[in-house]
Amino acid sequence: MSSLDPWTLAARGDATALIDAASGEHITYAALKARVDRLASTMQGERTLAFVACKQDVASIVAYLAALAAGHVVFLFDADLKLRAELIERYRPGLLVEGANVQAGDVKHTLHPSLQLLLSTSGTTGSPKLVRLSLENLRSNAASIAQYLGLGADERAVTSLPFHYSYGLSVLNSHLAVGASLVVTDASVMRPELWSAIREHRVTSFAAVPYAYQIMRRVGFEKMELPSLRTLTQAGGKLPAPLVAHYHALMKARGGRFFTMYGQTEATARISYLPPERAEEKAGSIGIAIPGGRLELDDGELVYHGPNVMLGYATSAEELALGDTQGGVLRTGDLGTRDDEGFFSITGRLKRFAKVYGLRINLDELEAKVRNHGNAAVLSDDERLTLFCEFGSDQELATLRATLASELQLNVNTFRMVRVEALPLLASGKVDYDALSRR
C-alpha cells in the first residue's frame, strides 16, 4: 500500500529516492529518511505554522518532509518571493525553514487538527489567500494520480516544476508515495542541462504547463534522443487542441503516452485526466474525473466532488483554526460542457468575460482562437480588447485584428494589438495577467 507519510520512507530501504542532477548524488529512501529525521529533530516543540522556502533542490524536499514529520502545518512558498515579508507579517509563522536553516518565532497559533499544508491559490506571487489542505487531501490525490498514471517503483520523474506550485508538488508526492524516484534539477525546458539529465538518468516521465510545451517545439524536442522517456503530462491551463494532437502522435510513435490533465490547487492538484487512448478523438477535452472523484455541471459551471477537495481558504492566521468548510465539494469557477460519453470540456471562466458594446465576449475562447497563430494572452478594459502576442509582424497583426473584428462583428478599433517578446509568467508557468494589465 502506498503512503505519502515521511515517517514511512525508511520502508523503501536502498531503493533510489532522489538523484541530484547537479552533483550526480543518488539518495536512497533510507538515506532520505535519515536526513528528514535529522532536520525534524531541530523542529521539535508545540505544533505550529512552518513557512518552508522552496527551491527545486534536494534541501527543499528534505525541509518539506521534515516539517511534516515534525507534525507542523507547512506553508510552501517560493524562496525568491518578493512579498514574503508581507506574508510573514500577516501569518507570523512559528518556524521559518530555508534549507537546513530553521528559525523559531514565539507566536502561538490555533491550528485545526486536520490542517496539514498551505499553498498559494496559484503557487505564485504572494497573495494572502491560501488554500488549506489536510493530510487526507494529500494522500488521496497522490493515490489517485498514481492509479491513473500507472505509477510504480520503476518510474522516475524530473522536477520540471516548482514544489510550491500544486502541480509540481503532486509530482513529488505521487512518486514518493509509490517508492519511485525523482531527478532533482531547476533547469528549464530552454536549457540543455534538463534534457541531458533526462537522458543520463533515464527519466521516464516529464510534467509541464502549456507554455513549456510550446517552447519545447521551438527547442527541437521532437528531434531529441530520449529513449527512456515514456510519459508526458500536461496541466496548468488549456493546451491548444493541435498541440495535444501533436504530442499525442509523437509519443504514440515512440511507444509512449501523453496525458492532458485538469486541476486546481483547491483540489490538491488533479481533478480530471484525458486517457491517452482517447486523446486523438477527444483533443481539447479535460477528460474524466480522477479515481475517487466525480464531476458534474451546475448551471454550466463545473463542480467537482472528491476527498482531495481542500478544507477551505485562509486569508489570515486566525482562519487557520477553521475546519472543513467545503464538504468535499469544489465549485471550480470554470464553465464547461459534457459529451454523451461523459467527457468534459472547459469553455471559459465565470470571471473571464467582457461586455463590449453590449456583446458578451468569452476571453478564454478568444484567447484560444488567437493562440492558433502563436502564443498570446487577451485582456479587456471597458470597451476594448487588448491582445498581447509573441508573434507576427505589424502587417500580420493588423490582418489578424481585421479578421477578429469581422468574425465577432465588432469595430476594428475595439482591438488593440501589442507585440511582446515574451508574456510575463507566474512561477507556475501560467500567464501573469496582473502584470499584463499594468502595461
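1. Gly-71 comes after helix α2 and has a positive phi, near 90 degrees. Helices here are DSSP runs of H or I with at least four residues, strands are runs of E with at least two, and both are numbered from the N terminus. This is a predicted model, in which local features need pLDDT of at least 70, side-chain atom pairs count only at pLDDT 80 or more, and totals for chains, interfaces and linings use all residues. Residues are numbered from 1 along each chain as its sequence is written, and side-chain values use heavy atoms, with hydrogens and water left out.

2. Helix α2 covers residues 58-69. From first C-alpha to last, its twelve residues reach 16 Å, close to the 16 Å expected at 1.5 Å a residue. The expected span is 1.5 Å times one less than the number of residues.

3. Is α2 mostly covered or mostly exposed? It is mostly covered, with ten of its twelve residues buried. Buried means under 20% relative accessible area, exposed means over 50%, and partly exposed lies in between (1.4 Å probe, protein chains only). Among the buried residues are Val-58, Ile-61, Tyr-64, Leu-65 and Leu-68. Ser-60 is buried too.

4. Two residues deserve a look at their backbone. Most residues other than glycine have a negative phi. Arg-92 has a positive phi, near 45 degrees. Arg-92 sits in the loop between α3 (84-91) and β5 (95-98). Its relative accessible area is 47%, so Arg-92 is partly exposed.

5. Ala-269 also has a positive phi, about 135 degrees, and is not a glycine. This residue belongs to strand β14 (residues 269-274). With a relative accessible area of 1%, Ala-269 is buried.

6. Next, a helix pair. The axes of α9 (residues 363-370) and α10 (residues 394-408) come within 12 Å and cross at roughly 135 degrees. Axes are lines fitted to C-alpha atoms, for helices over the stretch in contact, and angles run from 0 to 180 degrees between N-to-C directions. The two helices are therefore oblique to each other. Angles under 35 degrees count as roughly parallel, over 145 as roughly antiparallel, 65 to 115 as roughly perpendicular, and the rest as oblique.

7. Which residues of α9 meet α10? Leu-366, Lys-369 and Val-370 do, and their partners in α10 are Leu-400, Leu-404, Glu-407 and Leu-408. Contact means heavy atoms within 4.5 Å.

8. Ala-368 is also in α9. Its relative accessible area is 35%, so Ala-368 is partly exposed. Its C-alpha is 10.0 Å from that of Gly-348, 20 residues apart along the chain.
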